[in-house]
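Colleague: I'm new to this one. Can you put it up and walk me through it?

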Amino acid sequence: MSDLGDGCESGGVTGAGQDSEADGEPPQPTAAAGGEEGAPPSPKRPRRSEEEEDQDGQEKPPPSEHGTVTLGLDFTHDPQMLTGSWTEFSKFTENYLKGCKWAPDGSCVLTNSADNVLRLYNLPPEVYSYSWGALSEMSPVLRMAEGDTVYDYCWYPNMNSVEPDTCFLASSSRDNPVHVWDAFYGDVRATFRPYNHLDELTAAHSLCFCPDGTRLYCGFEKTVRVFHTERPGRDCEERPTMVKRRGQNGIISCFAFSPCQSVYACGSYSRCAGLYSCQDGALLALLPTLHHGGITHLLFSPDGNYLYTGGRKDPEILCWDLREPGKVVFSLKRNVTTNQRIYFDLDPSGKYLLSGDTEGGVSVWDTQTAPPDGEEGLLQPQLRFQAHWDCTNGISLHPFMPLLVTSSGQRQFPWPDDSDSASDTEVEAAAAAPQQEARQDNALTLWWAGPLAAPAEESREEPAQTD
């Protein structure tokens with residue numbers, strides 16, 4: 001990706017608002033991309049070096065025919081908690097998280113939180129060697145500060161930490177352009193600046209790169225703007241979702257791309273989802289409005305035949321059969337009682353779907369046990385475990401290892417204080433307040449979701465040896 005001098009108008013890290021060459025810092029390590037000098041020895045590297053991996057002596061599983069490896073997920077038992085990050089989000093009150101996303105190469109995790117800071121966490125090296133007893137609390141290696149509330153963020157799909165040029169991500173925040181962040185240094189590489197019909201800068205409510213990474217799709221009210229990844233700036237293609245009062249209404253809140261066809265899906269806060277052509281943005285199908293709240297997340301199945309949609313203040317995730325647009329195959333019950341975006345995720349095979357809920361639980365459904373064709377019904381979860389004491393808003397499966405990350409937290413509203421109330425009421429309110437504070441759980445947690453045979457025995461033996 002080209003490094004232009006557009007810079008960041010506001011909200012970036014120190015020096016991000018200037019030209020990279022003027023700063024004297026290399027926000028885009030192009031010299032390391034050729035492999036002659038290697039990657040810079042920066043503590044902010046999103047992945048361990050090849051020398052460190054060789055020292056561990058731990059070989060990765062061989063890739064499959066499609067370039068991925070088998071996860072080896074095992075949901076016959078509750079996942080085992082390995083480590084996490086808690087202290088980082090306790091520096092001020094109500095710094096709750098707003099989701100977590102694995103990097104496409106599985107080397108690190110990206111989080112968003114209420115302090116408008118994107119944090120990057122490396123996968124601990126002990127995980128590769130199953131040295132779980134030596135795991136300590138995770139600390140971020142990068143912090144990328146936005147100027148206002150972060151609306152959405154996404155990884156570049158071809159990200160590979162061996163190739164520094166591909167290590168970047170995009171984020172959108174209120175009253176700011178779309179920022180492209182360098183995942184090695186935390187600097188702003190470039191900006192995409194969308195303008196409305198009054199030539200005023202407007203913020204994108206949702207972001208998503210197309211599968212090959214050549215275009216960045218941004219969601220607005222009744223409009224999708226498409227930027228070319230290699231051409232930052234204000235030039236873009238506008239694709240209205242509402243033409244002559246027909247089409248998809250509302251703010252485009254989320255995107256998903258079909259893995260098999262040149263089709264993408266848009267969810268909106270008007271409680272409906274639409275299917276569009278990648279070539280020209282033509283509306284192919286508009287799904288019925290069956291959700292109770294605005295759609296906040298959607299995913300395609302790996303075969304491209306099904307689309308999963310979930311909304312805010314909506315107790316269901318719906319599975320749509322795209323071979324018969326408008327047909328709901330089954331629904332998945334989850335507890336979502338707030339307007340917060342609650343993510344869900346599919347494993348690469350499409351067998352397991354995982355989602356958090358407002359009560360802090362995580363449910364696992366086996367989508368292959370769906371009701372027979374023609375019988376729309378409720379699919380019961382195969383497993384449910386308590387991941388956090390507060391809302392589990394983010395969940396993400398590792399691309400090729402049986403690992404799971406979850407994020408938690410939500411805005412807490414204080415109990416009403418009535419000075420004219422009776423003394424017994426004041427006592428009850430005082431007793432309830434500490435209980436509410438105790439339920440605050442703003443954390444990022446790493447889980448092992450594979451078999452507990454050999455690794456579990458090793459982790460139990462190590463503490464005994466140290467004693």
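Modeller: Let's begin with a term: a nonpolar core is a set of buried Ala, Val, Leu, Ile, Met, Phe, Trp, Tyr and Cys residues joined through side-chain atoms within 4.5 Å. Buried means under 20% relative accessible area, with a 1.4 Å probe and protein chains only. This is a predicted model, where local features need pLDDT of at least 70, side-chain atom pairs count only at pLDDT 80 or more, and totals for chains, interfaces and linings use all residues. Residues are numbered from 1 along each chain as its sequence is written, and side-chain values use heavy atoms, leaving out hydrogens and water.

Colleague: OK, how many residues are in the largest nonpolar core?

Modeller: That core has 20 residues, and those with the most contacts inside it are Leu82, Leu123, Val127, Leu403, Leu444 and Leu446. β2 (97-102), α4 (125-128), β30 (403-408) and β31 (444-448) are the elements that give two or more residues to it. Those labels are DSSP runs numbered from the N terminus: helices are H or I with at least four residues, strands are E with at least two.

Colleague: What does Leu403 touch?

Modeller: Counting heavy atoms within 4.5 Å as contact, and skipping residues up to four places away in sequence, Leu403 has partners including Leu82, Trp102, Leu123, Val127 and Leu446. There is also a second, separate core of 19 residues, with Tyr153, Trp155, Met159 and Tyr185 among them.

Colleague: Switching topic: why is strand β11 largely enclosed?

Modeller: Five of the six residues of β11 (residues 215-220) are buried, so the rest of the structure largely encloses this strand.

Colleague: And which strand do four bridges join to β11?

Modeller: That's β10 (residues 206-209), running antiparallel to β11; two strands pair if DSSP finds at least two bridges between them. Cys208 sits opposite Tyr217 of β11. The two strands form a hairpin with five residues between them, and Gly213 in the turn has a positive phi of about 75°.

Colleague: What about β12, how many bridges pair it with β11?

Modeller: Six, in the antiparallel sense, with β12 covering residues 223-228. Phe220 has Thr223 in β12 as its bridge partner. Two residues lie between the strands of this hairpin, where Lys222 takes a positive phi near 60°.

Colleague: What's the strand order in the open sheet of five strands?

Modeller: The order is β20-β21-β22-β23-β27, with mixed pairing. β20 (295-300) and β27 (377-379) are the edge strands, each pairing on one side only. Within that sheet, β22 (residues 316-321) and β23 (residues 327-333) pair in the antiparallel sense over six bridges, and Glu316 has Lys333 in β23 as its bridge partner.

How values were computed
Buried means under 20% relative accessible area, exposed over 50%, partly exposed in between (1.4 Å probe, protein chains only).
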